[in-house]
Amino acid sequence: MIINYFKTAVRNILRHKFYSIINVLGLSIGLAVFLLIYFYVQYEFTFDKHFPQADQIYRITTDMFWENGDVQHTAVSTNAIAPALQKDYPEVLAATRFRFDYSVLAEKEQSKSNIPGFQSYEEVFFIDSLFFKVFQMELIRGEPVSLFDLSNAAFCPKNG
């Protein structure tokens with residue numbers, strides 16, 4: 001019985017070539033668009049899920065409205081928002097601030113390079129002491145509690 005259905009389908013495809021090409025092309029495009037949308041949504045929903053309690057972590061964004069009518073959506077906010085959120089909203093368990101800066105100049109010796117004082121601009125992240133309370137990450141060296149203790153730092157002025 002299945003062989004009879006297969007023969008009938010092949011005859012109809014050969015008899016109506018134009019409509020068959022349109023149907024196969026439409027099915028191919030529809031399937032490709034479905035897969036692209038599926039993979040995009042899957043990627044977006046699995047982003048940053050490696051953090052414990054990732055469903056409780058939110059990011060504050062800012063919408064800037066310019067005089068010419070343009071709207072700029074950024075993931076940047078002022079430094080005062082984190083303490084204000086903790087103070088004004090009891091639902092906020094912890095709030096942290098971090099900022100990255102591409103313009104930090106790092107000067108280091110390169111053993112493989114002939115240049116004696118190699119200079120490059122490095123990407124540096126500035127974080128506050130509550131960062132590891134929000135993002136539970138494994139440190140290579142040290143403890144999150146003592147990470148921001150600068151009492152023995154060489155660049156920190158001594159009190160007294």
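With which residue does Arg 97 form a salt bridge, and how far apart are the closest N and O atoms? In this predicted model, the partner of Arg 97 is Asp 128, and the closest N and O atoms of the pair are 3.3 Å apart. A search of the whole structure finds 1 salt bridge. Because Arg 97 is placed in the loop between H3 and S3, whereas Asp 128 belongs to the loop between S4 and H4, the pair ties together parts of the chain that are 31 residues apart in sequence. Side chains of opposite charge can pair when their charged atoms come close. The two partners fall into separate accessibility classes: Arg 97 counts as partly exposed because its relative accessibility is 32%, while Asp 128, at 14% relative accessibility, counts as buried, the cut-off for burial being under 20%.

The chain that holds this pair contains 4 helices and 4 strands, and, read from the N terminus, these elements follow the order α-α-β-β-α-β-β-α. Of the 160 residues in the chain, 9% are buried.

The largest pocket holds about 1,700 Å³ of space, and its lining is made up of 41 residues, among which Ile 57, Tyr 58, Arg 59, Phe 98 and Phe 135 lie nearest the centre of the pocket. The elements that contribute two or more residues to this lining are the helices H2 (17-45), H3 (81-88) and H4 (131-134), together with the strands S3 (98-108) and S4 (118-127). Among the elements, H4 gives the most to the lining, with 4 residues. When the lining of the largest pocket is divided by class, 25 residues are nonpolar, 7 are polar and 9 are charged.

Ile 37 counts as exposed because its relative accessibility is 52%, and the exposed class begins over 50%.

Key. Residues are numbered from 1 along each chain as its sequence is written. This is a predicted model: local features need pLDDT of at least 70, side-chain atom pairs count only at pLDDT 80 or more; totals for chains, interfaces and linings use all residues. Side-chain values use heavy atoms; hydrogens and water are left out. On a 1 Å grid over the protein atoms alone, a cavity is a set of points where a 1.4 Å probe fits but cannot get out, and a pocket is an open set with protein on both sides within 12 Å along at least five of seven lines; lining residues have an atom within 4 Å of a point. Grid points are joined across faces, edges and corners, and a volume is the space filled by probe spheres set on the points. Ala, Val, Leu, Ile, Met, Phe, Trp, Tyr, Cys and Pro count as nonpolar, Asp, Glu, Lys and Arg as charged, and the others, Gly among them, as polar. Buried means under 20% relative accessible area, exposed over 50%, partly exposed in between (1.4 Å probe, protein chains only). A salt bridge is a side-chain nitrogen of Lys or Arg within 4 Å of a carboxyl oxygen of Asp or Glu.
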